[in-house]
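Dear colleague,

I am passing on the structure that follows, together with notes on what turned up in it. Please read the notes with the structure open beside you.

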Amino acid sequence: LPFDKKGPYRFDIIPYVVGKGNPFADEDALWCERTYYVHRNIGPENNSYCCLAKNFKKKCPICEEIARLNRSGGDPELIKSLKPSERQLWNVKDLNDPDKGIMVLDQSNFLFGALIDAKVAAADDEDHYENYFHLEGGYTLKITVDQDSFGGRTFYKATNIEMKERKNDYDDSIIVDACCLDDCLVELTYAELKKIFLQEGDDTEDSDDDEPSTNH
């Protein structure tokens with residue numbers, strides 16, 4: 001679920017039962033999001049792939065290449081492009097289109113989650129904005145989305161988030177429909193990711209038998 005037009009959007013964040021590996025919540029707890037890290041524009045398809053080091057605490061061939069480039073004084077722009085980006089997954093209910101049910105929102109932390117964090121940090125104690133994702137006493141996010149451009153590419157991004165008291169609480173049963181966001185991450189093996197990164201074929205340089213996997 002991307003932002004594909006100017007806002008405002010009105011989202012309710014639906015908590016989910018945490019699986020394995022969430023860096024900010026214990027397994028089986030109710031939580032609001034899944035932070036993860038991807039290497040972008042990798043391989044012939046320019047796809048994104050989960051960083052094996054940041055997400056799974058394993059060796060990552062792309063992070064190893066970053067380290068090698070740093071040691072050898074490599075191109076700073078290339079190094080920057082290879083570094084993993086922080087993103088977040090959220091279960092959301094779009095109040096402008098509730099018939100779609102619960103959808104998974106995938107956004108960069110910088111362009112979405114950080115706005116929520118700032119709103120919570122700036123709130124008065126009695127606001128209890130930190131409970132925005134709770135089934136009872138939670139808040140609806142009113143999200144201002146504007147058009148922007150970078151490098152000749154036009155996109156839409158959240159520029160402001162306001163928290164509004166919900167008209168109704170949610171029943172516990174809605175959690176059944178929420179996706180376990182920790183299970184959305186695809187963990188390739190070191191060899192698989194290295195092969196895609198170096199654009200190596202199976203038998204010949206022109207082999208294209210393997211379809212690259214997306215990050216979730």
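The protein has five helices and nine strands, where helices (H or I, at least four residues) and strands (E, at least two) are DSSP runs numbered from the N terminus. Read from the N terminus, the order of these elements is β-β-β-β-β-α-α-α-β-β-α-β-β-α, and the C-alpha trace spans about 60 × 40 × 35 Å along its principal axes.

Please keep in mind that this is a predicted model, in which local features need pLDDT of at least 70 and side-chain atom pairs count only at pLDDT 80 or more, while totals for chains, interfaces and linings use all residues. Residues are numbered from 1 along each chain as its sequence is written, and side-chain values use heavy atoms, with hydrogens and water left out.

The mean pLDDT (the predictor's confidence in each residue, from 0 to 100) is 91, and 92% of the residues reach 70 or more. Over residues 203–216, however, pLDDT stays under 50, and for this stretch the model has 29 contacts (heavy atoms within 4.5 Å) beyond four places in sequence.

The axes of helix 2 (residues 61–71) and helix 5 (residues 190–197) come within 8 Å and cross at roughly 60 degrees; axes here are lines fitted to C-alpha atoms, for helices over the stretch in contact, with angles running from 0 to 180 degrees between N-to-C directions. Helix 2 is therefore oblique to helix 5, given that angles under 35 degrees count as roughly parallel, over 145 as roughly antiparallel, 65 to 115 as roughly perpendicular and the rest as oblique. Pro61, Ile62, Glu64 and Glu65 of helix 2 meet Tyr190, Leu193, Lys194 and Phe197 of helix 5 in this contact.

The largest pocket holds about 1,200 Å³ of space. A pocket, on a 1 Å grid over the protein atoms alone, is an open set of points where a 1.4 Å probe fits, with protein on both sides within 12 Å along at least five of seven lines, and lining residues have an atom within 4 Å of a point; points are joined across faces, edges and corners, and the volume is the space filled by probe spheres set on them. There are 26 lining residues, of which Arg40, Arg87, Ser108, Leu111 and Arg153 are the closest to the pocket's centre. Strand 9 gives the most to this lining, with four residues.

Finally, the peptide bond from glycine 7 to proline 8 is cis, with omega near 15 degrees, and proline 8 is found in the segment before strand 1 (9–13).

Best wishes
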